[in-house]
Amino acid sequence: MKLWSVKLKNMAVFFCKKCCGRVMMRGQGMTNMNNMKKEECKALIVYYSKTGFTQKYAEWIKEALPQDISCDLVPYRERRKLKWEQYDLILFGGGFHAGMINGLKWFKAQAGRLPEQIRQGGRTAVFATGAMPVDAPDVEKAMRQNFTEQEWAQMKTFYLPGGLCYERMGIGDKLMMSVFKAMLKESKVDSQIQQIVASSHDITSKEAIIPIVEWCSAVSRSM
């Protein structure tokens, strides 16, 4: 409920601005309401989703953004058609795979192609999905190992709890997970981790995207 209340609040503010615009036009006869309207912010979300969790979050984020932010969703396979200069803020999302965030290497390689105002203005973010809950002790460590110290300082990052879907995994990934589960059992690690990887599960949550939506709104207001 918190997430949607944020969106409704933004809608209410937008409505009030329009009402105020009408009052001023009647009172002064010269104020153009269109000139009062804040220029729309254009966002881009590129996502790499193998089993559906990252795509689900990308779609939720787009739906929850305030009205003054338009948003394009582009799957990783269509990345070659992107025109970075069309956007004011850019997010990349990928799922964890063997400790690495899918597609992140490619996204970081695009830094030199991004418009300067995005590159230098703190308008890029990365969100990663994984099978661990957001409060798991190794989440931040797993996130940080995907970035250099400079990248970590310059780029906004978010972790979103996703889950596991063995039904959508390819044969290679299923074999890898079988080996991983056997290693966990043999090493006698925390039983909670063994339970997490034991079977398919979905721990996605709309509330998890609230910090991302708030970040996008803050970037839009600062423009």
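Reader: Which residue is the bridge partner of G94 in β5?

Author: This is a predicted model, in which local features need pLDDT of at least 70, side-chain atom pairs count only at pLDDT 80 or more, and totals for chains, interfaces and linings use all residues. Residues are numbered from 1 along each chain as its sequence is written, and side-chain values use heavy atoms, with hydrogens and water left out. Strands β3 and β5 pair in the parallel sense over six bridges, where pairing requires that DSSP find at least two bridges between two strands. Within β5, G94 has as its bridge partner A128.

Reader: Which residue in the turn between β3 and β4 has a positive phi?

Author: Strand β4 (residues 100-101) is antiparallel to β3, with two bridges joining them. H97 has M100 as its bridge partner in β4. The two strands form a hairpin with two residues between them, and the turn residue with a positive phi, about 55°, is A98.

Reader: How far from R123 is the nearest side chain of opposite charge?

Author: R123 lies in the loop between α5 (116-120) and β5 (124-130). R123 is buried, that is, under 20% relative accessible area (1.4 Å probe, protein chains only). R123 has no salt bridge, a term that requires a side-chain nitrogen of Lys or Arg within 4 Å of a carboxyl oxygen of Asp or Glu. The nearest side chain of opposite charge to R123 is D88, at 4.3 Å.

Technical notes:
Helix = DSSP H or I, 4+ residues; strand = E, 2+ residues; numbered from the N terminus. Buried < 20%, exposed > 50% of the residue type's maximum accessible area, 1.4 Å probe, protein only. Lys, Arg positive; Asp, Glu negative; His and termini not counted.
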